[in-house]
Amino acid sequence: MAIVQTNVNYTYEKMRSDLYQLNSTYPFLQVQWVGYSVLGKPLPVIRLGRGAKQVFYSASFHANEWITTVILMKFIEDYSSAYVNNGSLFGYYVKNLFLSTSIYIMPMVNPDGVDLVTGYYPIDSDIYHSFQSIASRYPDIPFPNGWKANFNGVDLNLQFPAGWEQAKEIKYSQGFTRS
């Protein structure tokens, strides 16, 4: 029976519960807690495999894109099942992949924002009102389902040193309008 259900709003607690069940079912999964969200939720990283090649996947930088967490959690389950059943996944024999590659997965980078968008926080809660206060500065973005940021209103996807200002200029020079 499947552990990861793909037809539900995938809150942080649902992810943690599924991760616990996955780790109980597949004890070879290595789960590390690598930091905390603004609201103090521990952030997990799961390691699949023991190989020298290393790959890192992450999901839910934007709260309203929480479905990416479900995809990675389902991948963890499918990979683990294929490993114990000597199967393949996407044309790769998982036992060979396990020995050659270490796959690191951070399934939910922004759990506070995800919990807002998925309806975990009651609309009469202080946390919800704090989010709402920040959102009121951006009336064109639907609240709460359009929310992208973390609890402090920071869009985590824009925090990489990747030349965002230059990217904006290129975008605008191609005819896009400034918002």
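Lys14 has a relative accessible area of 23% and is partly exposed. The model that gives this value is a predicted one. Lys14 forms a salt bridge with Asp18, and their closest N and O atoms are 2.9 Å apart. Asp18, at 1% relative accessibility, is buried. Both residues belong to helix 1, and because they are 4 residues apart there, about one helical turn separates them. The structure holds 4 salt bridges.

## The salt-bridge network at Lys41

Which residues does a network of salt bridges join to Lys41? Salt bridges with shared partners bring Lys41, Asp112 and Asp115 into one network. The Lys41 and Asp112 side chains meet at 3.2 Å, N to O. This pair links distant parts of the chain, since Lys41 lies in the loop between strand 1 and strand 2 and Asp112 lies in helix 4 (residues 111-117), 71 residues apart.

The salt bridge of Lys41 with Asp115 has an N to O distance of 3.1 Å.

An open sheet is formed by 4 strands in the order 1-2-6-3, with mixed pairing. Strand 1 (30-36) and strand 3 (53-58) are the edge strands, each pairing on one side only. From one strand to the next, the twist averages 25°. Helix 2 (residues 67-84) packs on the sheet and touches strand 2, strand 3 and strand 6. The direction of helix 2 makes about 145° with that of strand 6.

Strand 1 and strand 2 are antiparallel and pair over 6 bridges. Within this pairing, Trp33 has Pro44 of strand 2 as its bridge partner. The hairpin of strand 1 and strand 2 has 5 residues between the strands, and Gly40 takes a positive phi near 85° there.

Strand 2 (residues 42-48) also pairs with strand 6 (residues 101-106), in the antiparallel sense and over 3 bridges. Ile46 stands opposite Ile105 in strand 6, and Leu48 stands opposite Ile103 in strand 6. How many of the 7 residues of strand 2 are buried? The count is 6, and strand 2 is mostly covered.

## Aromatic pairs

The structure holds 11 aromatic pairs. Phe28 and Tyr83 form a tilted pair, with 4.7 Å from centre to centre and 55° between the planes. Phe28 is in the loop between helix 1 and strand 1, whereas Tyr83 is in helix 2; the pair links distant parts of the chain, 55 residues apart. Phe28 is buried with a relative accessible area of 16%, and Tyr83 is buried at 17% relative accessibility.

Why is the pair of Phe75 and Tyr79 described as tilted? The ring planes stand at 50°, with the centres 5.9 Å apart, so this pair is tilted. Tyr79 is buried, its relative accessible area being 1%.

Tyr83 has a further neighbour, Lys95, which lies over the face of its ring at 4.4 Å from the ring centre. Elsewhere, one aromatic cluster is formed by Tyr120, Tyr121, Tyr128, Phe131, Phe143, Trp147 and Phe151.

## Asn7

Asn7 is located in the segment before helix 1 (12-25). Is Asn7 buried or exposed? The relative accessible area of Asn7 is 64%, so this residue is exposed. The C-alpha atoms of Asn7 and Ile67 are separated by 9.8 Å, and the two residues are 60 residues apart along the chain.

How values were computed: Residues numbered from 1 in each chain as written. Predicted model: local features only at pLDDT ≥ 70, side-chain atom pairs only at ≥ 80, totals over all residues. Heavy atoms only, no water. Pairing = 2+ DSSP bridges. Helix = DSSP H or I, 4+ residues; strand = E, 2+ residues; numbered from the N terminus. Axes fitted to C-alpha atoms, helices over the stretch in contact; angles between N-to-C directions. Contact = heavy atoms within 4.5 Å. Buried < 20%, exposed > 50% of the residue type's maximum accessible area, 1.4 Å probe, protein only. Phe/Tyr/Trp six-rings, centres within 6.5 Å; stacked < 30°, edge-to-face > 60°. Lys NZ or Arg CZ within 6 Å of the ring centre and 35° of its normal.
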